[in-house]
Structure formats: structure tokens, C-alpha cells
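Here is a short briefing for a reader new to this structure. Look through the model first, then take the points by topic.

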Amino acid sequence: AVGFAPAALYVALVLVASAATAVRHGIGAGAWTIVVLPCIHFAWGIGFVLGYLGLTRNIMERTGR
């Protein structure tokens, strides 16, 4: 159960940010915030991991380690 804490916290923060956006800018903006925030973070995270793996492979090819 403790392993789910970071994911649950992230979902809670996205929902709070979406609710705050909905209050300030309308329900449509709040709904889009629920969609856009996870998309941005997951895309950035996937790009980071793939970039790291590519960099690691490149270093190993050039140094032989």
C-alpha cells in the first residue's frame, strides 16, 4: 500500500490543480487540466528515460565500458 503513495499523491495534486483551474477559468479549463498535466509529465518522463538510455548506450560504444 505504501508503494502507491507517490501515485496517489500525484493524482490528488492533479485533481487539486484542476479544481483550482476550474474555479478561476471555468469547468472546461479544469477538465483540460486533468488531461494535459499527466500528458506533459508522462511524455517528459518517457523522453528523459529514453534519452538517458540512449546516452548510456552511446557512452558504452565510445569508451568500451
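Two residues are in contact when heavy atoms of theirs lie within 4.5 Å. By that test, and leaving aside neighbours within four places in sequence, Ser-18 is in contact with Gly-30, Thr-33 and Ile-34. This is a predicted model, in which local features need pLDDT of at least 70 and side-chain atom pairs count only at pLDDT 80 or more, while totals for chains, interfaces and linings use all residues. Residues are numbered from 1 along each chain as its sequence is written, and side-chain values use heavy atoms, with hydrogens and water left out.

**Overall form**

- The protein chain has two helices and zero strands. Both kinds of element are DSSP runs, numbered from the N terminus: helices are H or I with at least four residues, strands are E with at least two.
- The radius of gyration is 18 Å, well over the 11 Å that the globule rule gives for 65 residues, so the chain is more spread out than a compact globule. That radius is taken over C-alpha atoms, and the rule is 2.2 Å times the number of residues to the power 0.38.
- Along the principal axes, the C-alpha atoms fill a box of roughly 55 × 30 × 10 Å.

**Surface**

- The protein chain exposes about 5,400 Å², and carbon and sulfur atoms supply 77% of that area. Accessible areas come from the Shrake-Rupley method with a 1.4 Å probe; for residues, only the protein chains shown count as cover.
- Of the 65 residues, 11% count as buried. Buried means under 20% relative accessible area, exposed means over 50%, and partly exposed is in between (1.4 Å probe, protein chains only).

**Helix H1**

- H1 covers residues 5–25, and its 21 residues should span 30 Å at 1.5 Å a residue; the end C-alpha atoms are 30 Å apart, which agrees. The expected span is 1.5 Å times one less than the number of residues.
- Val-14, Ser-18, Thr-21 and Ala-22 are buried in H1. Seen down the helix axis, the buried residues of H1 fall within an arc of 100 degrees, so they line one face. The arc is that of the directions from the helix axis to the C-beta atoms.
- The other side of H1 has exposed residues, among them Pro-6, Leu-13 and Arg-24.
- Leu-9 also lies in H1. Its relative accessible area is 52%, so Leu-9 is exposed. The C-alpha atoms of Leu-9 and Phe-42 are separated by 15 Å, with the two residues 33 apart along the chain.
- Just after H1, Gly-26 takes a positive phi of about 105 degrees.

**Ser-18**

- Ser-18 sits in helix H1. At 4% relative accessibility, Ser-18 counts as buried.
- Its side chain reaches the backbone oxygen of Val-14 at 2.8 Å. A polar contact is a pair of N or O atoms within 3.5 Å; within protein, one must be able to donate a hydrogen and the other to accept it, and residues adjacent in sequence count only if both atoms are side-chain atoms.

- Thr-33 is in helix H2, residues 27–63. Its relative accessible area of 15% makes Thr-33 buried.
- Beyond neighbours within four places in sequence, Thr-33 is in contact with Ala-17, Ser-18, Thr-21 and Pro-38.
- Ala-17 belongs to H1. Ala-17 is partly exposed, at 26% relative accessible area.
- With neighbours within four places in sequence set aside, Ala-17 is in contact with Thr-33 and Leu-37. Ala-17 and Leu-37 are 20 residues apart in sequence and 9.2 Å apart in space, C-alpha to C-alpha.
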